[in-house]
Each structure stands twice: as structure tokens, then as C-alpha cells.
Amino acid sequence: MADVARMAGVSAQTVSRVANGHPGVVEDTRTRVLAAMAELDYRPNSAARALKSGTFRTIGVILFSLATTGNVRTLEAIATSAAAQGYAITVIPVAAPTQGGVHGAFTRLGELAVDAIILLMEVHLLDVARVNLPPGVKVVVADSDAGDAYAVVDTDQADGTRQAVQHLLDLGHRTVHHLAGPESSFAAERRAVAWRETLERAGRPVPEPERGDWSPASGYEAGRRLAEDDDVTAVFVANDQMALGLVRALHDAGRRVPQDVSVVGFDDLPESSEFLPPLTTVHQDFAEVGRRCVEQVLRQVHDGVAETGTRLVPTRLVERASTAPPPAAATRR
């Protein structure tokens, strides 16, 4: 650092400010310092900086899967938001959703020295008797039902579901069938409960839900079963990928969307507007969930106080061409 300071004609403190990305440096000075760093091949020593500041400027992220749209898009937002605040992320995938797997992930993050942890997983797997957080590490949980044990940032699953089901009822459908996600998923269960409650409040019949595993293939299998029932005129699907499979199954069975069956998804994938027909769906703001996770966990780091409670990110219904009033024959039944 002293060598860089001499070459650039500045103080060591100015070199430190440039290295740490502080905004209060004149642009000409910043350019000279960066040029000197490049010529001398200078890199800040992260261990030394951690000893001086008491922080590692690293956020650990624990998650079960990188195969789901929600996890990938939320992780992308976490990485982008953390970088904007001068933090790196360390990602620890948990191969199996078991207590041992979760415990191992916490242990590894403790060894890697992180300032905070963001969990993208079902919080009921955290057994406090076995999982001990690294001392002083702050935690935020994304999209889970952690109650008052942790700080939670969650999409408003229930309100998004209510918007979807009410939209179909307002179109004139007698009831709305549901293709739910796996029972092990908090998001799937929250959506299934809100679907049922919305129908019950409206005094409508509550059909037995179908179950899928989030994949288009499981949506197709459920769609084949639903297509056999002529009373099915509207389906709320727990995610867009299953909705894609369901729409194809209806097409293969000769059931037109939306003329015979209306379909609403959940997520608003970038591809959803390109479905045939374009899919009506509930928009989740994954980027905002990730941003708020970083914002909240860093507030805990800077304030030194752990937070609890749930903050909800709003959802909104995006109406496209996959929904319409029921066929005339259905309204007479």
C-alpha cells in the first residue's frame, strides 16, 4: 500500500479508500491510484482487512437446489445486491434436505468466516438442538415460515393466490381446481391454503387438489387427469412450469385453453408471455426478495442486533390470454 501511495503521490489512507470503493475520492486521484495498483500488481489483503475492520465482508448463502427458478433468480439478486454493497457471497448447496445436511452447511460457513447467512430453504429443518449458528453471525431466511425465530423476507404467497383464484371466479367459473406443488414446500402449502380459503369464503365447492413436483412433466400428468373431467373449467397452478405441462396435456386431450379451460400460473417466468396461449400468472419479484434479504442482513451486521419477523414482498396478477369466461354449457350446469 505504501508503494502504491508513493507511485500515485497520495496518502496510504487514500489508497485504502480507493481499494474499498469509497465514493469520496476525486476521480483524477482514483484513476492515478488504480493505475499504480495495476502496475504494481497490488491486491488488498482480505485477511488483514478483516482483522482491522472486524468483518469479512462475505455473506454465506445456504440453499437446497439451483434447479428451481425461484432459487436461481433470488440468488442472482442476492449476489448483485451484495456486490453493490462491497460484499462477496459464498454459496453452500445442501445436497439432501436433512438435519445433517443443514448442520454441515452451517459448520462449513463457520469455517469459511462469513459475517451473515441467508437461507433459501424450509426453516422447519433447522433443529436448534443440533444447529448452532457461528458466533455473531446474523441470519435472514427467504420465502419460509420461520415465525419469530428469524428475520424473514417472503413473497406474499397468500395474496397472490387470492388474486389468481378471484380472477377466475370473477370470470364466472363455478369453482377453481388446483395443481399444487410438493407437500414438503412451504410456498406450495401457503398457496394451497390460500386457494382453499378463497373458495370457501366465496361459498364455492373445493375440489380435491392435484399434486406435482414443480416440473412440466408433473404438470402434464396432472393435466391428463384433469382433462378427463368435463366439469373442470378453471385451474390455478402453483408455478408456471407445471402450468406449461398442464396446458400441453389439455391440448393433447382436445380441451382448448382458454375456451374450454382457463389456466393461471404463479411466478411470471420470462417465458410465460411466450406460452401458447400466453399465460395469465402471478408475478413474483425475485429480485426484490434478494435485495431485501441483503439489505436486512447487512443492517443486522452494521447495527449488531439480530432481527426477527416477516417482511412481505407484494405480488400482482398479470392477465394474458390463458383465461376467459367458462363455456356456456358449464354455466348451465
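Helices (H or I, at least four residues) and strands (E, at least two) are DSSP runs, numbered from the N terminus. This is a predicted model, in which local features need pLDDT of at least 70, side-chain atom pairs count only at pLDDT 80 or more, and totals for chains, interfaces and linings use all residues. Residues are numbered from 1 along each chain as its sequence is written, and side-chain values use heavy atoms, with hydrogens and water left out.

**Exercise 1. Cis peptides**

Task: Find where the cis peptide bonds at Pro258 and Pro277 sit.

Solution. 
- Step 1. Val257 and Pro258 are joined by a cis peptide bond, with omega of about 10°.
- Step 2. Pro258 belongs to the loop between α10 and β9 (262-267).
- Step 3. Leu276 and Pro277 are also joined by a cis peptide bond, with omega of about 0°.
- Step 4. Pro277 falls in the loop between β9 and β10 (280-283).

**Exercise 2. Positive phi**

Task: Examine the phi angles of Asp41, Asp268 and Gly304, and place each residue.

Solution. 
- Step 1. Asp41 has phi near 55°, a positive value in a residue other than glycine. Its place is the loop between α3 and α4 (46-53).
- Step 2. Asp268 has phi near 60°, again positive in a residue other than glycine. The loop between β9 and β10 holds Asp268.
- Step 3. Check burial for Asp268. Buried means under 20% relative accessible area, exposed over 50%, and partly exposed in between (1.4 Å probe, protein chains only). Asp268 is at 10%, so it counts as buried.

**Exercise 3. Salt bridges**

Task: Describe the salt bridges of Arg32, Asp252 and Arg311, with the setting of each.

Solution. 
- Step 1. The whole structure holds 15 salt bridges.
- Step 2. Arg32 pairs with Asp28, the closest N and O atoms being 3.0 Å apart. Both residues lie in helix α3 (residues 27-40), 4 residues apart, about one turn of the helix. Arg32 has 34% relative accessibility, so it is partly exposed.
- Step 3. Asp252 pairs with Arg248 at 3.7 Å, N to O. Helix α10 (residues 240-252) carries both, 4 residues apart, about one turn of the helix. Asp252 is partly exposed at 45%, while Arg248 is exposed at 51%.
- Step 4. Arg311 pairs with Glu307 at 3.7 Å, N to O. Arg311 is partly exposed at 32%, and Glu307 is buried at 17%.
- Step 5. A network of salt bridges links Glu288, Arg291, Arg292 and Glu295.

**Exercise 4. Charges over rings**

Task: Which rings lie under the charged ends of Arg191 and Arg248?

Solution. 
- Step 1. The test is NZ of Lys or CZ of Arg within 6 Å of the ring centre and within 35 degrees of the ring normal.
- Step 2. Arg191 has its charged end over the ring of Phe266, 3.9 Å from the centre.
- Step 3. Arg248 has its charged end over the ring of Tyr220, 4.5 Å from the centre. Arg248 also bridges to Asp252.

**Exercise 5. Cores and helix α11**

Solution. 
- Step 1. A nonpolar core is a set of buried Ala, Val, Leu, Ile, Met, Phe, Trp, Tyr and Cys residues joined through side-chain atoms within 4.5 Å.
- Step 2. The largest core has 21 residues, of which Ile59, Ile118, Leu120, Cys293 and Val297 touch the most other members.
- Step 3. At least two residues each come from β1 (58-63), α5 (69-84), β3 (116-120), β4 (138-142), β5 (151-155) and α11 (286-303). The top contributor is α11, with 6 residues.
- Step 4. Contact means heavy atoms within 4.5 Å. Setting aside neighbours within four places in sequence, Val297 contacts Ile59, Ala116, Ile117, Ile118, Lys138, Val139 and Val140. Another core lies apart, with 20 residues, among them Ala243, Leu250, Val263 and Leu279.
- Step 5. Ala77 lies in helix α5 and is buried at 9%. Not counting residues up to four places away in sequence, Ala77 touches Phe286, Ala287, Gly290 and Arg291.
- Step 6. The buried residues of α11 include Phe286, Gly290, Cys293 and Val297.

Definitions and conventions: A salt bridge is a side-chain nitrogen of Lys or Arg within 4 Å of a carboxyl oxygen of Asp or Glu.
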